[in-house]
Amino acid sequence: MQHLNDTIIALTTPQGVSALAVIRLSGIDAIKITDKVFTGKKLETQPTHTAHLGTIGTEKTIDEVLVTVFKEPNSFTKENSVEISCHGSPVIVREIIKLFLQHGVRLAEPGEFTRRAFLNGRFDLAQAEAVADLIHAETDNARQAALNQMRGGFSKEIKHLREELIHFASLIELELDFGEEDVEFAGRSDLRNLIQKIQNYLARLISSFEQGNVIKNGIPTVIAGKPNAGKSTLLNALLNEERAIVSD
């Protein structure tokens with residue numbers, strides 16, 4: 001694992017030719033280093049969450065860009081961050097990244113921006129995993145489930161369950177510590193009701209996992225039948241598109 005105090009850089013949009021590309025930097029010196037290669041406003045003096053038009057390059061201009069500044073802790077990684085929107089030529093992207101590498105920035109490892117966000121307390125592990133699920137979501141339901149988890153929906157459920165378990169454990173400890181005293185902290189029926197409540201809560205969470213797994217990965221389905229029975233026609237009808245070749 002590379003040092004977390006390094007300033008890192010990576011292309012955050014897909015590889016290849018496109019109208020625009022976005023390059024992200026994160027680290028304590030992200031804004032300071034960008035100032036060295038950016039011609040425009042001095043970024044270190046600008047407010048967070050502001051965008052600035054200028055050019056990138058030192059000896060020669062590489063491209064006209066829009067630079068967005070995010071100052072710690074108000075960024076995805078809770079570090080100083082910069083996002084550079086440039087034209088989507090692979091040559092331009094390569095030259096900009098090369099320029100920053102020459103100024104002491106290093107290439108980010110896969111998933112390092114999200115890892116830094118997790119280590120810096122931006123979100124917990126469940127939310128960090130949801131980022132990958134959101135990126136790879138193939139359906140609207142999968143997108144919505146991942147977005148809800150990334151916003152802390154599942155984490156809140158786990159936190160509530162933990163509080164219930166701590167409450168139950170505290171009642172048991174009180175009964176054990178003061179069992180010989182003429183004091184009843186919780187009746188047996190109250191404890192049984194609390195256990196049942198926790199069991200029901202766990203059952204609902206387990207059920208939600210199974211449902212979420214179906215939303216995320218789908219259900220393997222086989223359409224079987226004799227030749228020319230209409231399997232391809234049925235598949236196309238279910239998908240509402242001409243996925244399989246059929247003959248009239």
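I began with contacts: among those between residues at least 6 apart in sequence, 51% join residues at least 24 apart. A reminder to myself before going on: this is a predicted model.

Next I looked up the secondary structure, and I found eight helices and seven strands in the chain. I then checked the radius of gyration, which is 27 Å, while the globule rule gives 18 Å for 248 residues; the value is well over the rule, so the chain is more spread out than a compact globule. For the extent of the C-alpha trace I noted about 85 × 70 × 30 Å along the principal axes.

I found an open sheet of seven strands with mixed pairing, and I wrote down the order as β3-β4-β5-β6-β2-β1-β7. Which strands stand at the edges? They are β3 (38–39) and β7 (106–107), and each has a single partner strand, so one side of each is left without a neighbour in the sheet.

Last, I followed β3 to its partner. Two bridges join β3 to β4, residues 50–57, and the two strands run antiparallel. I looked up T39 in particular: its bridge partner in β4 is T55.

How values were computed
Residues are numbered from 1 along each chain as its sequence is written. This is a predicted model: local features need pLDDT of at least 70, side-chain atom pairs count only at pLDDT 80 or more; totals for chains, interfaces and linings use all residues. Side-chain values use heavy atoms; hydrogens and water are left out. Helices (H or I, at least four residues) and strands (E, at least two) are DSSP runs, numbered from the N terminus. The radius of gyration is taken over C-alpha atoms; the globule rule is 2.2 Å times the number of residues to the power 0.38. Contact means heavy atoms within 4.5 Å. Two strands pair if DSSP finds at least two bridges between them.
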